[in-house]
Amino acid sequence: MSDFEIYEPREDSFLLQKQIKDYAKGDVLDMGTGSGILAAEALKYADRVVAVDINPKVISHCKKLYPAIEFRESDLFSNISADKKFDLIIFNPPYLPDEPLAPDIALDGGPLGFELIECFLQGVSDYLEPDGKILLLFSSHSRPAMIHKVLKKKGFRYKLIATEKLAFEELYVYVISRFPVLHSDISLDMNVYNIKKDLKP
Ligand SMILES: C[S@@+](CC[C@H](N)C(=O)[O-])C[C@H]1O[C@@H](n2cnc3c(N)ncnc32)[C@H](O)[C@@H]1O
């Protein structure tokens, strides 16, 4: 792999970070940990935090900073034992369409921007406790309608819990569960409902 820099936390990181206190408990996995900002936040509330990243530079950097967190190099779930189940899995993924002239492993989410998220959603159930939850961030550039399709196909419940408008995109944070505890159409507030309507395929 080329020598990619560690992703410096920005609006997406901070928006997701704010949601963690309401969901982190027990065992938490931070997928694509970057600077470790989300793993460190989760550690305030959880018993144990495992954090992985495909970028080896991230792992050696974070291991020194946060000795209480277990950091591992992994391409999605490739280096996580299938016996291990988590109460919460957090992912601020690369969520933009690939830029072939300026590749960036922290940003490139696949040709249309949602493909890596799709791979994550295909595999994540094997690592989730039956009542576990996923906090996933993506953007208006990630083909939200395609992500909704994958979520429905995999039988997940999902609810939009936070949004932020930036200059050229809008960010979304979803809480996702395969356990039928989220009655999204009932509990959504007006703002979220409007956003959901806008996102329809
Ligand atoms: C948008 S950054 C988020 C970093 C950090 N979690 C944050 O919120 O600031 C995405 C991270 O995912 C990592 N990543 C990209 N592809 C991955 C993969 N296939 N498996 C694991 N991590 C990956 C990148 O190296 C990068 O650190």
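For the classification of side chains, Ala, Val, Leu, Ile, Met, Phe, Trp, Tyr, Cys and Pro count as nonpolar, Asp, Glu, Lys and Arg as charged, and the others, Gly among them, as polar. By this scheme, the shell around the ligand has 14 nonpolar, 8 polar and 2 charged residues. The structure is a predicted model, in which local features need pLDDT of at least 70 and side-chain atom pairs count only at pLDDT 80 or more, whereas totals for chains, interfaces and linings use all residues. Residues are numbered from 1 along each chain as its sequence is written.

The protein chain contains 7 helices and 7 strands; helices (H or I, at least four residues) and strands (E, at least two) are DSSP runs, numbered from the N terminus. Their order along the sequence is α-β-α-β-α-β-β-α-β-α-β-β-α-α. Of the 201 residues, 36% count as buried. A residue is buried if 20 or more other C-beta atoms lie within 10 Å of its own, exposed if 12 or fewer, and partly exposed in between, with C-beta atoms placed from the backbone. Two residues are in contact if their C-beta atoms, placed from the backbone, lie within 7 Å. Among the contacts with a separation of 6 or more, 61% involve residues 24 or more positions apart.

The 7 strands form an open sheet of mixed pairing, in the order S3-S2-S1-S4-S5-S7-S6; two strands pair if DSSP finds at least two bridges between them. S3 and strand S6 (157–165) stand at the edges with a single partner strand each, so one side of each is left without a neighbour in the sheet. From one strand to the next, the twist averages 15°. S6 is joined to strand S7 (residues 170–177) by 8 bridges, and the two run antiparallel. Arginine 157 has serine 177 in S7 as its bridge partner. Helix H3 (residues 56–65) packs on the sheet, where it touches S2 and S3, and its direction makes about 165° with that of S3. Axes are lines fitted to C-alpha atoms, for helices over the stretch in contact, and angles run from 0 to 180 degrees between N-to-C directions.

Strand S1 (residues 27–31) is largely enclosed by the rest of the structure, because 5 of its 5 residues are buried. In a regular strand the side chains alternate between the two faces of the sheet. On one side of S1 are Asp27, Leu29 and Met31, on the other Val28 and Asp30, and all are buried. S1 runs parallel to S2, with 5 bridges between them, and valine 28 has valine 49 in S2 as its bridge partner. S1 also pairs with S4 in the parallel sense over 4 bridges; there, aspartate 30 has isoleucine 90 as its bridge partner.

The ligand is surrounded by 24 residues, of which the closest are Ser13, Gly32, Gly34, Ile54 and Asn92. Helix H1 (11–19), helix H2 (37–43) and strand S2 (48–53) are the elements that give two or more residues to this shell. A residue is near a molecule if its C-beta atom, placed from the backbone, lies within 6 Å of it.

Most residues other than glycine have a negative phi. Leucine 76, in the loop between strand S3 (70–73) and strand S4 (86–91), has a positive phi of about 50°. Leucine 76 is partly exposed, with 19 other C-beta atoms within 10 Å. Arginine 143, in the loop between strand S5 (128–139) and helix H5 (144–153), has a positive phi of about 60°. Arginine 143 counts as buried, with 24 C-beta neighbours inside 10 Å.
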